[in-house]
Every structure is written in structure tokens, then in C-alpha cells.
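User: I would like to learn how to read the features of a model like this one, step by step. Could you take me through them?

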Amino acid sequence: MPSLRKWLFSGLLVLVPLIITLWVLDWVVGTLDQTLRILPTHWHPDQVLGVHIPGLGVVFALAVVLTIGALASNIIGNRLVNWWHALLHRIPVVRSIYSGVKQVSDTLFSEKGNAFRKAVLVRWPHEGMWTIAFLTGTPAGQVLATLREQPGARADDEAFISVFVPTTPNPTGGYFVMVRQRDCVELAMTVDEALTYIVSMGVIVPGSGRDGAAPPVLPAIPKP
């Protein structure tokens with residue numbers, strides 16, 4: 001029985017990640033294949049080739065994205081995009097949804113932004129407990145002024161950062177919090193490594209398998 005149990009868990013460790021990966025890939029390919037429906041019927045690959053080839057929707061969607069990006073990068077395309085944005089901002093209901101989504105997408109995909117590009121260690125949800133968060137930006141305006149007026153602030157120019165604290169094991173949900181920069185520690189790990197650490201609930205430690213050594217112990221942060 002101990003041998004059977006060992007073989008069972010070994011088989012699950014091999015098959016479960018493979019099955020989930022194939023299922024996700026099948027869902028992604030199947031979803032992107034639906035983009036071919038925007039083409040005229042006589043242009044569909046199934047009609048032209050006479051056989052269904054999975055994955056052509058991925059190539060078509062990638063080509064559409066690259067084409068739109070190339071057109072939006074020149075002067076004429078940039079003017080058309082600005083005109084389109086101005087048009088959507090004039091529609092009452094669409095304006096609220098579109099503006100919010102666009103601000104988030106600009107923050108996440110902007111080459112100049114730092115959103116979700118740094119992993120930090122923060123005290124959460126209270127003193128004495130720690131968790132991994134991702135830097136999303138810095139507070140400004142009235143929010144920053146109010147934070148600097150709170151008890152514990154050392155100076156009028158004290159720095160604060162905005163972070164996203166993901167939940168475990170599903171990192172798509174979480175909490176948006178603003179903390180003092182001096183109370184955070186920037187981690188020497190990539191965002192992918194931090195996500196793996198979070199999803200595995202601390203089982204997979206980044207860097208522990210590279211040279212067999214344990215991860216370094218972070219220095220203690222002095223209390224304010």
C-alpha cells in the first residue's frame with residue numbers, strides 16, 4: 001500500500017499540471033478561433049481549405065492586434081484613435097465604463113509605467129504579519145496630503161506607495177492598499193516568481209532550487 005500510494009501521488013503530480021495546461025490551451029485556442037466569424041463566410045479557412053485547422057484564430061487575432069498597433073503608431077492612425085476616444089467619451093453609459101477600463105489598461109500596458117513590475121514585502125493585514133504585494137503606483141493629490149497628516153508620519157514629504165495584495169491561491173482577487181514606502185521591502189524576484197510563490201501558497205520558494213541554498217533572510221524593518 002505505501003508503494004501504491006507513492007505511485008498514485010507521483011502520477012497525479014505529472015498528469016494534473018499537464019491536463020490543466022492542455023485544458024487552458026484548448027479554451028484559449030477555441031475562444032480565439034471564434035474571431036474568424038467576423039470574416040465573410042466564403043473567406044473562412046474551413047471553406048477555403050475544406051478542413052478545420054485549430055489555432056488559425058490565434059494567428060488571425062495576433063495579426064489584427066499587430067495591424068491595429070501599427071496603424072495607431074503613425075500620425076493618421078493616432079488621430080483616428082483620438083477621434084474614436086473622444087466619440088466614446090460623449091456616450092453617457094459607455095463613457096463611464098470605457099474611461100475606467102482605458103485607465104487601467106494604460107497603467108498595465110504602458111511601457112513607462114511600473115504597475116505590477118515590482119514585488120514588495122509589506123506588513124499585512126496588521127503588524128507582525130507579512131505578505132507579498134505588487135507595486136501599482138504612488139498616491140497623489142488630496143489622498144497623499146491626507147496620508148501625510150495621519151499619526152505616525154515623520155515629515156511632510158514622506159513617501160507612500162500603492163500596492164495590490166493578491167489572495168491565495170487565486171491571485172486575480174485581492175486588496176488595494178496604500179502604505180509607507182519605508183515600511184516595505186523590495187524583493188529581488190520577478191513578478192512571475194512572486195506569483196508562483198503566491199499561487200503555491202509558499203510551497204515553491206523562488207531561488208531555492210537554483211543552487212540548493214535557502215532563500216536569504218530579509219533584514220528587519222525598524223518600527224516607525
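**Reading the sheet and its helix**

Analyst: An open sheet of five strands has the order 4-3-2-1-5, with antiparallel pairing, where strands are DSSP runs (E, at least two residues; helices are H or I, at least four) numbered from the N terminus, and two strands pair if DSSP finds at least two bridges between them. This is a predicted model, in which local features need pLDDT of at least 70 and side-chain atom pairs count only at pLDDT 80 or more, while totals for chains, interfaces and linings use all residues. Residues are numbered from 1 along each chain as its sequence is written, and side-chain values use heavy atoms, with hydrogens and water left out.

User: Which are the edge strands?

Analyst: Strand 4 (174-180) and strand 5 (185-186) are the edge strands, each pairing on one side only. Strand 1 and strand 2, by contrast, are joined in the antiparallel sense over five bridges, and Ala119 stands opposite Phe134 in strand 2.

User: Which residues of helix 7 are buried?

Analyst: Buried means under 20% relative accessible area, exposed over 50%, and partly exposed in between (1.4 Å probe, protein chains only). In helix 7 (residues 191-199), the buried residues are Val191, Glu193, Ala194 and Ile198. Down the helix axis they fall within an arc of 160 degrees, taken from the directions from the axis to the C-beta atoms, so they line one face of helix 7.

User: What do the buried residues of helix 7 pack against?

Analyst: They pack against strand 1 (119-123), strand 2 (130-137) and strand 3 (160-166), contact meaning heavy atoms within 4.5 Å.
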